[in-house]
Amino acid sequence: MNEHDHVCICHRVSLAKLRAFLVRENPSVASLMTECLGAGTGCGWCRSQLESLHAQHKAGQLPIIEGEHDAYRERRILDNRIKKSVGLDIENESQYDAKMSVEMSKKRVRIPLSQLPVGARARVDCSALTHLPESDRCLLAAMGLADQCEVERCSGHECIIRIDRTRIALARPLADQVLVEPLNPS
Ligand code: FES
């Protein structure tokens, strides 16, 4: 991740600002990281990252966030979307992981089709498509993407899915809009 990328996406607080804050203020506990422009006080998703930056600083290391920024952003957006769909009130990521595994087994969780893992099956929820232009909805219907139909993700590179015996390819922006309910493997 680049120094100027945002660690706290809600409050647009970059890694560079957080590093400067750590050097300047040397906060005694990780919770004081919120004093850096309100980092961590929005959706709360970045709090575990702030804790990690604080711990690295205390260990005398240059604080870093592992991984690419795009993947970081995507994960945060997806996690928050899932959290919202199951109505969870989560304080940190480990609580989130623990609660999610319980909640996913008993609640209906919908994710964007583009996030469905390769080989996984899911049920399409067309009720969430009403915001799409009619031309897109007609296109999806013509391809066989009907409400409650089952699909299987065939390729990770592009969003290629299988409906019955037919394979279709969806453009990524469209696949981001289609919500599906993952099905447990039988
Ligand atoms: S990403 Fe930092 S509070 Fe939401």
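Tutor: We can go from the overall layout to a sheet, a helix and then some individual residues. Please keep in mind that this is a predicted model.

Student: OK, how many helices and strands are there in the protein?

Tutor: The protein has six helices and eight strands, and from the N terminus on they come in the order β-β-α-α-α-α-β-β-α-β-β-β-α-β.

Student: And what share of the residues is buried?

Tutor: Of the 186 residues in the protein, 23% are buried. As for contacts between residues at least 6 apart in sequence, 56% of them join residues at least 24 apart.

Student: Now the sheet. What is the order of its strands?

Tutor: Six strands form an open sheet in the order β3-β8-β4-β5-β6-β7, and the pairing is antiparallel. The edges are β3 (111–112) and β7, each of which pairs on one side only.

Student: How many bridges hold β4 and β5 together?

Tutor: Strand β4, residues 121–125, pairs with β5, residues 150–155, over three bridges in the antiparallel sense, and Arg 123 has Glu 150 of β5 as its bridge partner.

Student: What about going on from β5 to β6?

Tutor: There the two strands run antiparallel and are joined by four bridges, with β6 covering residues 159–163; Ser 155 has its bridge partner in β6, namely Ile 160. Moving on to β7, five bridges join it to β6, again antiparallel, and Cys 159 stands opposite Leu 170 of β7.

Student: Switching to helices: which residues of α2 are buried?

Tutor: In α2 the buried residues are Arg 47, Gln 49, Leu 50, Leu 53, His 54 and His 57. Seen down the helix axis, they fall within an arc of 160°, so they line one face of α2.

Student: Why would residues three or four places apart point the same way?

Tutor: An α-helix has 3.6 residues a turn, so residues with that spacing point the same way.

Student: And what do the buried residues of α2 pack against?

Tutor: They pack against β1 (6–8) and α1 (15–25).

Student: How does the span of α2 agree with 1.5 Å a residue?

Tutor: Helix α2 has 12 residues, 47–58, and at 1.5 Å a residue it should span 16 Å; the C-alpha atoms at its ends are 16 Å apart, which agrees. Just after the helix, Gly 60 takes a positive phi of about 80°.

Student: Which residue other than glycine has a positive phi near 50°?

Tutor: That is Asp 164, which sits in the loop between β6 and β7 (166–170). Asn 26, in the loop between α1 and α2, also is not a glycine and has a positive phi, of about 40°. By contrast, most residues other than glycine have a negative phi.

Student: Are those two buried or exposed?

Tutor: Asn 26 counts as exposed because it has 11 C-beta neighbours inside 10 Å, and Asp 164 is exposed too, with 10 other C-beta atoms within 10 Å.

Student: Last topic, the start of the chain. What does Met 1 touch?

Tutor: Not counting residues up to four places away in sequence, Met 1 touches Leu 15, Ile 65, Gly 67, His 69 and Tyr 72. Met 1 lies in the segment before β1 and, with 19 C-beta neighbours inside 10 Å, counts as partly exposed.

Terms used: Residues are numbered from 1 along each chain as its sequence is written. This is a predicted model: local features need pLDDT of at least 70, side-chain atom pairs count only at pLDDT 80 or more; totals for chains, interfaces and linings use all residues. The expected span of a helix is 1.5 Å times one less than its number of residues. A residue is buried if 20 or more other C-beta atoms lie within 10 Å of its own, exposed if 12 or fewer, and partly exposed in between; C-beta atoms are placed from the backbone. The arc is that of the directions from the helix axis to the C-beta atoms. Two residues are in contact if their C-beta atoms, placed from the backbone, lie within 7 Å. Two strands pair if DSSP finds at least two bridges between them.
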